[in-house]
There are 4 protein chains.
Amino acid sequence: MAHTIKEKAKLLARVRRIRGQVEALERALESEKECVEVLQQIAAARGAINSLMVEVVEDHIRTHVAGPAIDTEAQRRQGAEELIDIIRAYLK
Amino acid sequence: MAHTIKEKAKLLARVRRIRGQVEALERALESEKECVEVLQQIAAARGAINSLMVEVVEDHIRTHVAGPAIDTEAQRRQGAEELIDIIRAYLK
Amino acid sequence: MAHTIKEKAKLLARVRRIRGQVEALERALESEKECVEVLQQIAAARGAINSLMVEVVEDHIRTHVAGPAIDTEAQRRQGAEELIDIIRAYLK
Amino acid sequence: MAHTIKEKAKLLARVRRIRGQVEALERALESEKECVEVLQQIAAARGAINSLMVEVVEDHIRTHVAGPAIDTEAQRRQGAEELIDIIRAYLK
């Protein structure tokens, strides 16, 4: 899925940070931290997932929709329809 | 902006419906309707704006990013970068 | 719904600004402005509706959920359940 | 933070499911799964975090804002202000 080695490393670093945030959230719930603290941790994890999402969507647009290396109109159209499905799911 | 007459008519119908919703909301505030009722009207207007947004974004993708009629790679790239800016503003 | 005259004036000013934004959006579509410009106007209107929403929700919390003037536990509970319904509709 | 043992167990089950989703996402990136598949996994994790958020907010409202066991108006007001901060962060 990542379209270059550099991009792959970047996305993996992001997802591992999110895993760390979710593990910290688990510990916070186990040790019965304050409501507000837990909510701030949830908000941080959610923000990190949104940022990961945006990065992967950008990557998808540059490679599968607008990419100069796309061979056929049919492939480009498929990339566009996949993108539209994702945007619909997120914005509606 | 609308890329066909049919599409233009559809978007205008949507935006006029939203105007009607906002006018109804104004009347609800003026006549001091219940909180909950006002919140439901706001939610409805917000949902309608989100749907309009999704429709215009789809239109943008099909015409300015994946469109078979785009002349140059530079134009396609510009359409893609505009799209990415919009998605960033919405999802982050 | 607005719980003081000052609050009512503030909310009405907000909703009239939103109406102005939606009317501008309608003109932009009619005069076939650029896609990107239209999307920025939609984003602005959406942001304004979100802000109005937050303000009304705050008002609801202060008056109908945490308000010192609430007479009975049943009323407070009702205010809380209404609030939860709204938050569910918005965050899910 | 969880206000009953049952509620705590429920929240922990949710957060562990999210951890599983994030770990699956990590494996998907490592094994270079398709863009679209990765995006669907991100969307699922995001949905699960939103649901967790809603549940904790509900819990906060019932216990710290509308709770019949709150001792003083000052405590109730503090719970309300914390809630408003969270809603602002999420809806704006």
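**View 1. Glu32(D) sits in the loop between H1 and helix H2 (35-65) of chain D.** We're looking at a predicted model here, so local features need pLDDT of at least 70 and side-chain atom pairs count only at pLDDT 80 or more, while totals for chains, interfaces and linings use all residues. Residues are numbered from 1 along each chain as its sequence is written, chains are lettered from A and ligands numbered from 1 in the order in which they are written, and side-chain values use heavy atoms, leaving out hydrogens and water. Check the backbone of Glu32(D): phi is near 55°, a positive value in a residue that isn't glycine. Most residues other than glycine have a negative phi. At 45% relative accessibility, Glu32(D) counts as partly exposed (buried is under 20% relative accessible area, exposed over 50%, partly exposed in between, using a 1.4 Å probe and protein chains only).

**View 2. Glu32(A) takes up a loop position in chain A, between helix H1 (5-30) and helix H2 (35-65).** Helices here are DSSP runs (H or I, at least four residues), numbered from the N terminus. Glu32(A) isn't a glycine either, yet phi is positive, at about 55°. The relative accessible area of Glu32(A) is 45%, so this residue is partly exposed.

**View 3. Leu12(D) belongs to helix H1 (residues 5-30) of chain D.** With a relative accessibility of 8%, Leu12(D) counts as buried. Set aside the neighbours within four places in sequence, and Leu12(D) is in contact with Glu26(A), Leu29(A) and Glu30(A) (contact means heavy atoms within 4.5 Å). Leu83(D) is 71 residues from Leu12(D) in sequence, and the two are 22 Å apart in space, C-alpha to C-alpha.

**View 4. His60(A) lies in helix H2 of chain A.** The relative accessible area is 0%, so His60(A) is buried. What is His60(A) in contact with, leaving aside its neighbours within four places in sequence? Chain A supplies Val65(A), Gly79(A), Glu82(A) and Leu83(A), and chain D brings in Cys35(D) and Val36(D).

**View 5. Helix H2 (residues 35-65) and helix H3 (residues 73-91) of chain B pack with their axes 9 Å apart.** The angle between them is about 160°, taken between N-to-C directions on a scale from 0 to 180 degrees, with each axis a line fitted to C-alpha atoms over the stretch in contact. H2(B) and H3(B) are therefore roughly antiparallel (the cut-off is over 145 degrees). Their crossing is left-handed, meaning that the near helix is turned anticlockwise from the far one by less than a right angle. On the H2(B) side, the contact is made by Met53(B), Val57(B), His60(B), Ile61(B), His64(B) and Val65(B). H3(B) answers with Gln75(B), Arg76(B), Gly79(B), Ala80(B), Glu82(B), Leu83(B), Ile86(B) and Tyr90(B).

**View 6. Chain D goes onto chain A by a rotation of 180° with 0.0 Å of shift along its axis.** The RMSD is 0.0 Å, from a least-squares superposition on the C-alpha atoms of residues with pLDDT of at least 70 in both copies. That's the relation of a two-fold axis. Both copies use the same surface, with 100% of the contact residues of chain D recurring in chain A.

**View 7. Chain C can be laid on chain B by a turn of 180° and a shift of 0.0 Å along the axis.** The RMSD for this pair is 0.0 Å. Here too the same surface serves both copies: 100% of the contact residues of chain C recur in chain B.

**View 8. Chain A and chain C do not touch.** Their nearest C-alpha atoms are 11 Å apart. No contact joins chain B and chain D, and the closest C-alpha atoms of that pair lie 11 Å apart.

How values were computed. Helix = DSSP H or I, 4+ residues; strand = E, 2+ residues; numbered from the N terminus. Parallel < 35°, antiparallel > 145°, perpendicular 65-115°, else oblique.
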